[in-house]
Amino acid sequence: MKLVIQGKNIEITDSINEYVSQKIEKAVNHFQQLTTEVDVHLSVAKNPRINPKQTAEVTIYANGTVIRAQESSENLYASIDLVADKIARQLRKYKEKRQSKVSKEKTVEVIQSQPVVENLIGDRQPELPNEVVRTKYFAMSPMTVEDALEQLQFIDHDFYMFSNVATGEINVIYKRYHHGGYGLIQPRPNGNSNGHNDKVANSISEASGLKST
């Protein structure tokens with residue numbers, strides 16, 4: 001199992017590295033056959049108005065599934081303890097779902113993963129607005145809406161972007177906080193919006209727990 005530990009606004013000392021390794025290895029001990037890589041991101045908020053300030057985020061890559069958990073508190077070691085417990089519960093839930101699928105002997109369609117394009121921007125230079133503080137890249141294999149919903153439940157986020165295997169389009173599935181359940185955002189051909197942009201904006205605001213104006 002590959003373990004990567006990174007920090008933002010904090011030095012990863014030997015004691016921190018040892019503590020994280022001990023806690024994460026214990027959390028994934030019974031799931032190592034499923035786990036290929038574990039990324040740990042520790043951060044300390046510089047803004048005094050942000051409370052709690054110490055955050056620990058863990059991302060696990062398990063046989064094509066991404067499992068993520070994040071916890072924050074006033075103490076970094078406490079945050080590490082909390083996120084280790086949380087990721088262990090997420091892994092247990094994931095393993096139980098896999099075993100349930102096998103026991104029911106469901107017929108599943110095997111989707112061949114599309115090759116990942118290593119260079120997406122060519123000679124162009126990426127330009128990001130000042131508000132962007134972190135950028136993530138990941139392989140987007142085609143999947144069904146049901147598979148995307150399952151992924152959303154494992155990543156500890158409000159939304160999940162995926163390539164819809166039925167249409168070949170990029171979709172977003174998100175949690176509906178005000179009305180319950182989940183929503184799905186799909187693209188509409190240009191020139192035929194019919195207020196669709198406003199609906200998308202409202203959906204994104206809803207997924208973020210914000211009220212659109």
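K86 and E71 form a salt bridge in this predicted model. Their closest N and O atoms are 3.5 Å apart. The pair links distant parts of the chain, with K86 in helix α2 and E71 in strand β4. K86 is buried, at a relative accessible area of 18%. E71 is partly exposed, at 22%. The two values fall on either side of a cut-off, because buried means under 20% relative accessible area.

**Salt bridges**

Why can such side chains pair? Side chains of opposite charge can pair when their charged atoms come close. A search of the whole structure finds three salt bridges. The table lists them.

| Pair | N to O distance |
|---|---|
| K86 and E71 | 3.5 Å |
| D81 and K23 | 3.5 Å |
| E57 and R68 | 3.3 Å |

Take D81 and K23, whose side chains meet in a salt bridge. D81 lies in helix α2, residues 76-103, and K23 lies in helix α1, residues 14-27. The pair therefore ties together parts that are 58 residues apart in sequence. D81 is partly exposed, with a relative accessible area of 26%. K23 is also partly exposed, at 26%.

Now turn to E57 and R68, another salt bridge. E57 sits in strand β3, residues 54-62, and R68 sits in strand β4, residues 65-73. So this pair ties together parts that are 11 residues apart in sequence. Are E57 and R68 buried or exposed? E57 is buried, with a relative accessible area of 6%. R68 is buried too, at 7%.

**Aromatic pairs**

How many aromatic pairs does the structure hold? It holds two.

One is Y19 with Y77. Their ring centres are 4.8 Å apart. Their planes stand at 80°, so the pair is edge-to-face. Y19 lies in helix α1 and Y77 in helix α2, so the pair ties together parts that are 58 residues apart in sequence. Y19 is partly exposed, at 22% relative accessibility. Y77 is partly exposed as well, at 31%.

The other is Y94 with F154. Here the ring centres are 5.5 Å apart. The planes are at 85°, so this pair is edge-to-face. Y94 belongs to helix α2, and F154 belongs to helix α3, residues 145-154. The pair links distant parts of the chain, 60 residues apart. Y94 counts as buried, at 5% relative accessibility. F154 counts as buried, at 0%.

How values were computed
Residues are numbered from 1 along each chain as its sequence is written. This is a predicted model: local features need pLDDT of at least 70, side-chain atom pairs count only at pLDDT 80 or more; totals for chains, interfaces and linings use all residues. Side-chain values use heavy atoms; hydrogens and water are left out. A salt bridge is a side-chain nitrogen of Lys or Arg within 4 Å of a carboxyl oxygen of Asp or Glu. Helices (H or I, at least four residues) and strands (E, at least two) are DSSP runs, numbered from the N terminus. Buried means under 20% relative accessible area, exposed over 50%, partly exposed in between (1.4 Å probe, protein chains only). Rings of Phe, Tyr and Trp (its six-membered ring) pair if their centres lie within 6.5 Å; planes under 30 degrees apart count as stacked, over 60 as edge-to-face and the rest as tilted.
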